[in-house]
Number of protein chains: 2
Amino acid sequence: MLATPQFAHWDEPLTLSSGAVLRAYDLAFETYGTLNADRSNAVLICHALNASHHVAGTYPDDPDNRGWWDNMVGPGKPVDTDKFFVIGVNNLGSCFGSSGPTTTNPDTGKVWGADFPLVTVEDWVDSHARLLDRLGIQSLAAVMGGSLGGMQALCWAIRYPQRVRHALVIAAAPNLSAQNIAFNEVARQAIMSDPAFHGGHFAEKSTIPRDGLTVARMIGHITYISDDQMESKFGRGLREGLKFSFAPEFQIESYLRYQGEKFSEYYDANTYLRVTKALDYFDPARATNGDLAAALSPAQAKFLVVSFTTDWRFSPARSREIVTALLDGNKDVAYAEVNAPHGHDAFLLDNPQYHAVVRRFLQRVAA
Amino acid sequence: MLATPQFAHWDEPLTLSSGAVLRAYDLAFETYGTLNADRSNAVLICHALNASHHVAGTYPDDPDNRGWWDNMVGPGKPVDTDKFFVIGVNNLGSCFGSSGPTTTNPDTGKVWGADFPLVTVEDWVDSHARLLDRLGIQSLAAVMGGSLGGMQALCWAIRYPQRVRHALVIAAAPNLSAQNIAFNEVARQAIMSDPAFHGGHFAEKSTIPRDGLTVARMIGHITYISDDQMESKFGRGLREGLKFSFAPEFQIESYLRYQGEKFSEYYDANTYLRVTKALDYFDPARATNGDLAAALSPAQAKFLVVSFTTDWRFSPARSREIVTALLDGNKDVAYAEVNAPHGHDAFLLDNPQYHAVVRRFLQRVAA
């Protein structure tokens, strides 16, 4: 399947949760499959931390650049593009095409950098709703995402109840725990204390806070993988025997450094800060004094909630909080706790049980 | 109880696990209680990452500087200094008095800094054995420690079986898991990538890699506390409402930054690197092809192994590995899994169940 990035521009200002106003902005998106005549078969895919609008397929001129959820989305796949019109959209504040710290501030003609406002899950959902307007889609057959993407799906169901018929909330949580916030904060500190960060204005200095980003990603990566998975993949395996030096000696060290360094080459530091803040802020029950069922009460969608047994970032217990709150509000919800050794990253992987659950749910949506 | 730091100097070279030789070195230590006539009532306390020889009591001129295990060690306390002669000793490579990166290299007359060799748990035990020789103590009534200190106690029992009658191995593990090593490696990267680190030669530059140390400590601190404890202490509590800024907004953020910054003011970066490496290297079963029971087979001590239910750094399962290996070798071992909400840090806290277990064990030792 071939993908084509598209861009849409808005001149209508967007007021963000913070009160800041984006005077004009762009969204990058891709679509797969065909919108049916009554415009009822659209599925919106929401992305997590470091992904983008490139959900599935490859580009004609870049055949190795496969979409981040290509095992899930495509012809005959669980999200079947023979039946659904699938939309992937890059979040505001990201660094992959939509307006964000790496794009140009229309008011100054300079790169936004640190001046790009903080954005929230609600802001993303609002901006994506405008994309649906632009595409002539009143109501989504389904909105779907994993991790931070799952939070967006949850937010959609609350914020635009009439526009969401089904919501797939995968490997998510109703909010971040203190420990989740703690990990994010350490990652941010690593970035912000890198002298090359220059308070976020590193583009003007022609530098990149690569060391800070590397450490930030290493921290994050630890939380994406289960303890057991890390143990079975690397254990205490050495690269070449004990060297008594600070060069990587254990395989897990070189693996993590590689992951961190690779990330630091393509991801924007200001984006990282904003995305982790959006995660920290997400808390639909804040508006209802901590009552998640009350927060979810506007939702009209049918839900599928999926968690993974070894996910310790957003554990099954956190998904069950969502399920319980939905049941308390007499919502229609199915829940699957998938056996997977991989930890949080399982939502991106090709797990037969997981894919079968999503496939069956969406087959009923299509029917 | 008043404490008096003491210092001992050695001119006999010490060959380290790495093959490097310390030509001369000092150890800082304190003792509490009185050595009995047959020199049979000595208890050696081994310290963990950021502690020292100052185990109990206060200094006459610094009454607020209480020993790190003062709730455990003292007259009438679980480690009863009315019965035992208790020794606290600062590990080589530390920054609190024993030879280490912050002391003077006798060969150059300059601060060791990055040139201080890497040390292992075995090296510490060897150097502490020499301290016992110096004190005229042939055999320990008990060796005891928590976390990295518990690993030293375990090592003592293996390496000097005739000199250890009892070993208390608390909140420890037979080795670090891949995830444990991963957290250490991220902390090291944070330090080493701080431009103020200067490859460890920061003293010569009159700088301190404070930002790197801060991030390193923040990472460590997350792993010392249980998820639940962090949640009940901080949860999603805000300092002053949402500000949409990168200044600390959540209470957990300011708490972690405070812990990190405080640590960066007194702890040496080169020491941090070496202590985390000593943790990574510790693996008594490496010499026996992974067979921990075989590694422990020389031990003659009676063991008490203690773990804490919510410790996710060195979980009860890791302590049970030690217990199982000891039982497989027909060793004398008691095991307590203490209910505690605090996570790894519980070994430092005044938990009645925990202290009662230690007290009873040592009462039998004294009898």
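Entry 1, ground rules. I am working from a predicted model, in which local features need pLDDT of at least 70 and side-chain atom pairs count only at pLDDT 80 or more, while totals for chains, interfaces and linings use all residues. Residues are numbered from 1 along each chain as its sequence is written, chains are lettered from A in the order in which they are written, and side-chain values use heavy atoms, with hydrogens and water left out.

I looked up helix H3 (residues 178-192) of chain A and helix H4 (residues 210-224) of chain B, whose axes come within 9 Å and cross at roughly 165 degrees (axes are lines fitted to C-alpha atoms, for helices over the stretch in contact, and angles run from 0 to 180 degrees between N-to-C directions; helices are DSSP runs of H or I with at least four residues, strands runs of E with at least two). H3(A) and H4(B) are therefore roughly antiparallel, a term for angles over 145 degrees.

In chain B I traced an open sheet of 8 strands with mixed pairing, in the order S1-S4-S8-S5-S9-S10-S11-S12, where pairing requires at least two DSSP bridges between two strands. Its edge strands are S1 (6-10) and S12 (333-338). S1(B) runs antiparallel to S4 (residues 25-32) of chain B, joined by 5 bridges, and Trp10(B) has Tyr25(B) as its bridge partner in S4(B).

Terms used:
Angles under 35 degrees count as roughly parallel, over 145 as roughly antiparallel, 65 to 115 as roughly perpendicular and the rest as oblique.
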